Amino acid sequence: MYTDKVMDHFMNPRNVGEIENASGVGQVGNPKCGDIMKVYLDIENNVIKDAKFRTFGCGAAVATSSMATELVIGKTVEEALKITNKTVMEALEGLPPAKVHCSCLAEEALQSALWNYAQTNGLVIEGLEEPREVDHHHGEEEE
């Protein structure tokens, strides 16, 4: 069901923790499935020097957070903005359909941390939009 890469990042997640005085912090959650992701970024001269995360959720949520932080370290803010849930999934060599929303959460947590960084520093970053609440289970539980 899960690729070896997903299992590896779940069993041995990279970059777990918090960054004190982080340049940007983003938290997203999906109350319906209970996944909560918090991403911390350390940005210096527009380059992401470090990224850490805390995730409360399933194995796929942990794996996607881990991979997302791996992908952004060393990248510029603009490059980090181009990392989508698809990028994360491809890096993990795929996710089961029921877990695709975890990669979306990872993308949103990242965007949220970048937004926080931009807001804190009064920056306008092209292509960066204010995070909005997203319902990942759209259409599943409508009455």
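Me: Why is cysteine 102 called buried?
Reply: Its relative accessible area is 0%. Buried means under 20%, exposed over 50%, and partly exposed in between (1.4 Å probe, protein chains only). Cysteine 102 is therefore buried, at 0%. The model is predicted: local features need pLDDT of at least 70 and side-chain atom pairs pLDDT 80 or more, while totals for chains, interfaces and linings use all residues. Residues are numbered from 1 along each chain as its sequence is written, and side-chain values use heavy atoms, without hydrogens and water.

Me: How do you know whether cysteine 102 is bonded to cysteine 58 or too far for a bond?
Reply: A disulfide is a pair of cysteine sulfur atoms within 2.5 Å. The closest cysteine sulfur to that of cysteine 102 belongs to cysteine 58 and is 3.7 Å away, so the pair is too far apart for a bond. Cysteine 104 is in no disulfide either, as its nearest cysteine sulfur, that of cysteine 102, is 8.9 Å away. The count by this rule is zero disulfides.

Me: What makes aspartate 8 and arginine 14 a salt bridge?
Reply: The term requires a side-chain nitrogen of Lys or Arg within 4 Å of a carboxyl oxygen of Asp or Glu. The closest N and O atoms of aspartate 8 and arginine 14 are 2.7 Å apart, and the pair forms a salt bridge. Aspartate 8 is partly exposed at 31% relative accessible area, and arginine 14 is partly exposed at 24%. The whole structure has five salt bridges.

Me: What is the N to O distance between glutamate 18 and arginine 54, and how do you know that the pair links distant parts of the chain?
Reply: The distance is 3.2 Å, and the two side chains meet in a salt bridge. Glutamate 18 lies in the loop between helix H1 (4–11) and strand S1 (24–30), arginine 54 in strand S3 (residues 47–56), 36 residues apart. Helices (H or I, at least four residues) and strands (E, at least two) are DSSP runs, numbered from the N terminus. Glutamate 18 is partly exposed at 48%, and arginine 54 is partly exposed at 40%.

Me: Where do lysine 86 and glutamate 90 lie?
Reply: Both are in helix H4 (residues 85–91), four residues apart, about one turn of the helix. Lysine 86 and glutamate 90 are both exposed.

Me: Why is methionine 11 called exposed?
Reply: Its relative accessible area is 56%, so methionine 11 is exposed. This residue sits in helix H1.

Me: How do you know that the protein chain is as compact as a globular protein of that length?
Reply: The chain has five helices and three strands, in the sequence pattern α-β-β-β-α-α-α-α. Its radius of gyration is 14 Å, close to the 15 Å that the globule rule gives for 143 residues, so the chain is as compact as a globular protein of that length. The radius is taken over C-alpha atoms, and the rule is 2.2 Å times the number of residues to the power 0.38. The C-alpha atoms fill a box of roughly 40 × 35 × 25 Å along the principal axes.

Me: What share of the 143 residues counts as buried?
Reply: The share is 45%.
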